Amino acid sequence: MSGLPDINLEDTKMEVGIPELREELELSLSDKDKSIVFYFFLQNDCANVVKLLKNPNAEISNDGNFTMEQYVDLITSAKEMNFNVHRYPAFMSEFVRSYTYNNGKEGFFPEDEILYQFYQYAIKTCPSKMVRQWYKLNLDITNILTAFLARKNGWNVSNHIQGSNEVTEMILTNNTKDFNLTAEYDYVQDLMRIVECEDPVEKEKRIDVLKWQWLEENTFFNIFSIDAVFAYLCKLNMLERWDKLDVETGQETFRQIIENLRGEARVPQEFQAVSPYNKSEAGYNKSEK
């Protein structure tokens, strides 16, 4: 960590990228620490699985944990043998089997559903408390933003919330402006302001700022820990995502996403919570990248 360059969300040029850092981690980390970093790349595996289920000949990224041969092994075994392939997280086998039955059904958005299942898996199984809290934060932010947006548009909030925890319970049982969440979660007021932001690019940026600050606060006293390494990966991921979008292209991209989602009564995926998280929330829950 001491050898890595300092980074902030306004950086436009990065001295190190995720592929280079990953190579270094392979040489430097213990097996125990690698098992935690595994979760960071597992989300990419989920995206690849969906691509291959939609099109077996699809081009996939190489930024996951598994190879093409392993994806084929997972999909084939889960479908043909109808059991969880223990070489991979169980939720992946379950998703592959359910995809066959749910694909094409109204309200089923595979990217959202597998993302929700991934969050649930990470929250329950990751050895690192900080990483578990990170994924819970992402799930909660998605659900809260989805709830605000659903109410703003006159949608039934309960149809767009994913999962079951204290945040979803408060959303579903309170009708106040902030769902009574502000007292328990200090970032809720920021989310309320984010929902009111008209510029989709600025909205996404503010969400990343909130998450970036959370990562810094939760690793401030442990700068040489595996949690700090994980947080650095998450920050690099944000920077690389924004680096691929210049302002003009980015604004047009997000505006087009929003227009498409409006036509489908969905919410943008970055805000989604259920699929992330399933009531289709993937991009914003049932109706969430």
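Trainee: Why are α6 and α9 called roughly antiparallel to each other?

Mentor: In this predicted model, the axes of α6 and helix α9 (residues 200–217) cross at roughly 155°. Angles over 145 degrees count as roughly antiparallel, and α6 and α9 are therefore given that description. Their axes come within 11 Å, and the crossing of α6 and α9 is right-handed.

Trainee: Which residues make the contact between α6 and α9?

Mentor: From α6 come Met 130, Gln 133, Trp 134, Leu 137, Asn 138, Ile 141 and Leu 145. From α9 come Ile 207, Leu 210, Lys 211, Trp 214 and Leu 215. By class, the contact of α6 with α9 has 9 nonpolar, 2 polar and 1 charged residues.

Trainee: Why are α6 and α10 called roughly parallel to each other?

Mentor: The axes of helix α6 (residues 129–152) and helix α10 (residues 226–243) cross at roughly 30°. Angles under 35 degrees count as roughly parallel, and that term therefore applies to α6 and α10. The two axes come within 9 Å, and α6 passes α10 in a right-handed crossing.

Trainee: What makes the contact of α6 with α10?

Mentor: On the α6 side, Met 130, Val 131, Trp 134 and Tyr 135 take part. On the α10 side, Asp 227, Phe 230, Cys 234 and Met 238 take part. These residues divide into 7 nonpolar, no polar and 1 charged.

Trainee: How many helices and strands does the protein have?

Mentor: The protein has 11 helices and 0 strands. Read along the sequence, its pattern is α-α-α-α-α-α-α-α-α-α-α. Of its 289 residues, 49% count as buried.

Trainee: What angle separates α4 and α5, and why are they described as roughly antiparallel?

Mentor: Helix α4 and helix α5 (residues 110–125) pack at an angle of about 155°, with their axes 10 Å apart. That angle is over 145 degrees, and α4 and α5 are therefore roughly antiparallel to each other. The crossing of α4 and α5 is right-handed. Phe 91, Phe 95 and Tyr 99 of α4 meet Pro 110, Glu 113, Ile 114, Gln 117, Phe 118 and Tyr 121 of α5. The contact has 7 nonpolar, 1 polar and 1 charged residues.

Trainee: Is Val 96 buried or exposed, and how do you know?

Mentor: Val 96, which lies in helix α4, has a relative accessible area of 0%. Buried means under 20%, so Val 96 is buried. Leaving aside neighbours within four places in sequence, Val 96 is in contact with Val 49, Leu 53, Ile 75, Ala 78 and Lys 79. The C-alpha atoms of Val 96 and Ile 114 are separated by 9.3 Å, and these residues are 18 apart along the chain.

Trainee: Where is Asn 84 placed?

Mentor: Asn 84 is in the loop between α3 (68–81) and α4 (90–102). Its contacts, leaving aside neighbours within four places in sequence, are with Ala 90, Ser 93, Glu 94 and Arg 97. Asn 84 and Phe 95 are 11 residues apart in sequence, and their C-alpha atoms are 9.9 Å apart in space.

Trainee: Phe 179 and Asn 180 are in the loop between α7 and α8. Why is Phe 179 counted as buried, and why is Asn 180 called partly exposed?

Mentor: The relative accessibility of Phe 179 is 2%. This value is under 20%, so Phe 179 counts as buried. Asn 180 has a relative accessible area of 36%. Buried is under 20% and exposed is over 50%, so Asn 180, falling in between, is partly exposed.

Trainee: How many disulfides does the structure hold, and why are Cys 46 and Cys 234 called buried?

Mentor: The structure holds 0 disulfides, a disulfide being a covalent bond between the sulfur atoms of two cysteines. Cys 46 has a relative accessible area of 2%, and Cys 234 has a relative accessibility of 5%. Both values are under 20%, so Cys 46 and Cys 234 count as buried.

Notes. Residues are numbered from 1 along each chain as its sequence is written. This is a predicted model: local features need pLDDT of at least 70, side-chain atom pairs count only at pLDDT 80 or more; totals for chains, interfaces and linings use all residues. Side-chain values use heavy atoms; hydrogens and water are left out. Axes are lines fitted to C-alpha atoms, for helices over the stretch in contact, and angles run from 0 to 180 degrees between N-to-C directions. Helices (H or I, at least four residues) and strands (E, at least two) are DSSP runs, numbered from the N terminus. Angles under 35 degrees count as roughly parallel, over 145 as roughly antiparallel, 65 to 115 as roughly perpendicular and the rest as oblique. A crossing is left-handed if the near helix is turned anticlockwise from the far one by less than a right angle, and right-handed if clockwise. Contact means heavy atoms within 4.5 Å. Ala, Val, Leu, Ile, Met, Phe, Trp, Tyr, Cys and Pro count as nonpolar, Asp, Glu, Lys and Arg as charged, and the others, Gly among them, as polar. A disulfide is a pair of cysteine sulfur atoms within 2.5 Å. Buried means under 20% relative accessible area, exposed over 50%, partly exposed in between (1.4 Å probe, protein chains only).
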